[in-house]
Amino acid sequence: MTTIGRRPQTIAWLALVAALFFFPYFDTWPGFAWFLRNLEETTGLNLSVFEVTTFAVWLVILTGLNLLTGYSGQISLGHSALVAAGGYIAAILLDPDNSTEVPVAVAVLGAGLGACAIGFAIGVPALRLSGPYLAIATLALIVSLPQLLKLDNIAEWTGGASGINLPTPHAPSFLDGVVDDHQWLYYSVMFPAVIMTVLAWNLMRSRVGRAFIALRDSEIGAQQMGVNVALYKTLAFGLSALYAGVGGGLFAYQQQFVSPESFGVFQSIQLLVAVVIGGLASILGSILAAAFFTFQVGVIGRLTEVIPAVDRLRWAFYGVLLIVMMVSLPTGAAGLVRRLARLRLADVVSAWRSGDVGRAISSLRERPAVVRILGAPSMKQTPTMETKQGGDDRSD
Amino acid sequence: MIRSKESIFRLLLLLVAAVGLVAFAACGDDEEDGGNGADGTPAGTPTAGDDLSSIPEDTTGITATEILLGSHMPLSGAAAALYGNQIVPGMQAYIDYINDVEGGVNGRKIRLQVEDDTYDPSRTNSVVRTLVNQDGIFALLSGLGTAQHSAVFDFLKEEQVPDLFTATGATKFTDPITRTAFGYNPNYIQEGDAIGKYIARTHPSAKLGLIIQNDDFGRDGEKGIRQGIEGSDVEVVTVETYEAVSTDLTAQVQNVRNAGADVLAFYALPLQAGSIISTAHEDLAWDVPIYATGVVADPSTIQLAGEANAQGVITTAYLRPLNQGDDPGVIEHQRIMAQYQPEATVANLSIYGHSVAELAVEVLKAAGPNLNRRSVIEAAESIRDFTCSLCLGPINLGPTDHRSIETFSFARAEGASWVVFGDLVSYETTE
């Protein structure tokens, strides 16, 4: 990409940040509020300030999961356990009953560091495991979590099955009239979320990020290049846990409540599904994954009202979506966005005229994944698109 | 920059395997609408005497022709079939009936907006905020689930939104008393206490074995039973626990038997109850008297246990069970359901939904034409001796008592249904 090609991209990012910055004020404008209400009633897409705050929480968590799974290639099915660790650490620190009232920022940071320590602790044995074995080990983590949280000797802090309730956050008094409580909550979650995302983006383009990617693509190769495999594998776990912990801390602060039921096995799996759908090894992918994770419940709920069978087929729906994504868009929604962003209208028109589009679609049939499912294409199809097929969506 | 196709497919396969594994284990991991509690003695202290002036005379959600109520229930996901999809038609049918026959309450029709929280506390948080901030509900009615409602309890309290008749047995919502919040279900400590006293009466020197679910629901039940047998010669010989995700309780029953118990009591959900009863009475051919929490008082439990095995099992009931075919309240419920919700099934939980809606309508009527958030709280606290058409005992509420149902009865499995017997047991504090 040349610098000219990058300009619209930069503008798009700045527009996104600006939109997020002013979002809580759009809401106070009646026309926009009306639009949002109708959007919610028709599509189930709830864009209230609180929901967008929830999005910011999951953005941090999913960025962390993407560092681990997308960049360093290690699969964690128990990521919610780390989120829970962060959530509980923050909630215990913030709980007025414990008289350990600390500033929110400290609690969230403590949550991140605590989860990070746990992440490193898991990362060490994880060195011996890879692929499915690692996934099963992390699955054990989340399955055992409810029992651990309900243990009698720690129930005094964790509140057992009832969880911990936190007081509602209020905007500081010097901001009276400028920022109301909802907006305060929004900014105090969105700000760290954006910072964490930018940090991750930078980090993944640095030495650490390259080491992760090298590890993922070939462990032996990475070792030959001088990457300390043990160090970087545990670092990936620790870093990802740091994100999960901060996300969990923000979750506790935003929801003002944590309980064993807030973090489950299904949630953990859903996180992984979201990352795959959003786009592995891509920050844009994490953002899209967080949007999917936050807003799909409402949309599917609305769909259930129209087609009742959707509810019973919810997981089948995820499964089909996942397979379709893998086959047609292995880079996830982020890959699609990147490809669309590269299209120029004139190119599209000329491609359509010359029949390239039709050929590109028929070439899908020859993709290795499709061939594996449907068998080799019949002979009457002319072999085409040798050049177009490979590599176009491979670069990040 | 992308993982090879090979490993993506492996990831996919793994996800499918994990989902399958978990779905297998997760059948029925949902706690009955209840659980928790602090102490058994039903005595609350009002925070501000009889003075309600701190609650604003807010009329949000009320127009000249309409009252907007909201609720959070699981309408999709695993818990939906258990709760939301049965309770909501019951509530809706009675509200439609009142709107239709009586033209609503004081000329205002009631509109109930139920939002789906999928039984996930963070979803509850989100949907209830939308109900309050965006839809502008007047009050929340029958929010379901202990953890779920916990997530929004403080928010509703702070916004001074009346939080009426929460669908859980948790004492934490009614003790200490929050002026805007009222509970509905009897709590498990009171119920356990009654079961304990009953065992002490009928088996004076019993060796009692307990099987409880490892959460607040089970723990409260155990606490109640221990409280009930205090001072008698009944001795608890063992307490076996299980996690809500497990469904086969053969090992626990075996352990109870090996510990030398001669009476078995349990706090489990219907699915596990079926396993306990059939294991004891059929697989082990162990003729032990069984006492169960009222949570299992549903015909499905008898089906799960096998009709022959379930005979004589004793439980508690606080609403009229469906089978009592000659009961006028139940017949009326069936008629209303057939007219207003013809597609929904009539079940013990639709009776539950109907009964809570009836109490809400009673409160709205008592609040009079000048309806606002303060007057509705005042009206709720004035409810005395109200026996709804489906209740077994009267409901009393007051400034120091925000618990609705505090009387219940024992029931015994006879044939394919539960039959209520004996006198009412009352834990009522308000005279």
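Predicted model: local features only at pLDDT ≥ 70, side-chain atom pairs only at ≥ 80, totals over all residues.
Does Cys116(A), at 14% relative accessibility, count as buried or exposed, and why? I looked it up: Cys116(A) counts as buried because its relative accessibility is 14%, where buried means under 20% relative accessible area, exposed over 50% and partly exposed in between, with a 1.4 Å probe and protein chains only.

Residues are numbered from 1 along each chain as written, chains are lettered from A, and side-chain values use heavy atoms, without hydrogens and water.

Next I turned to disulfides (a pair of cysteine sulfur atoms within 2.5 Å). I found one over all chains. Cys388(B) and Cys391(B) form a disulfide with sulfur atoms 2.2 Å apart. The torsion about their S-S bond is about 95°, so this disulfide is right-handed. Both Cys388(B) and Cys391(B) are buried.

Then I looked at two helices (DSSP runs of H or I, at least four residues, numbered from the N terminus). In chain A, H13 (residues 283–306) packs against H15 (residues 314–328) at about 130°, with axes 13 Å apart. Axes here are lines fitted to C-alpha atoms over the stretch in contact, and angles run from 0 to 180 degrees between N-to-C directions. H13(A) and H15(A) are therefore oblique to each other, since angles under 35 degrees are roughly parallel, over 145 roughly antiparallel, 65 to 115 roughly perpendicular and the rest oblique.
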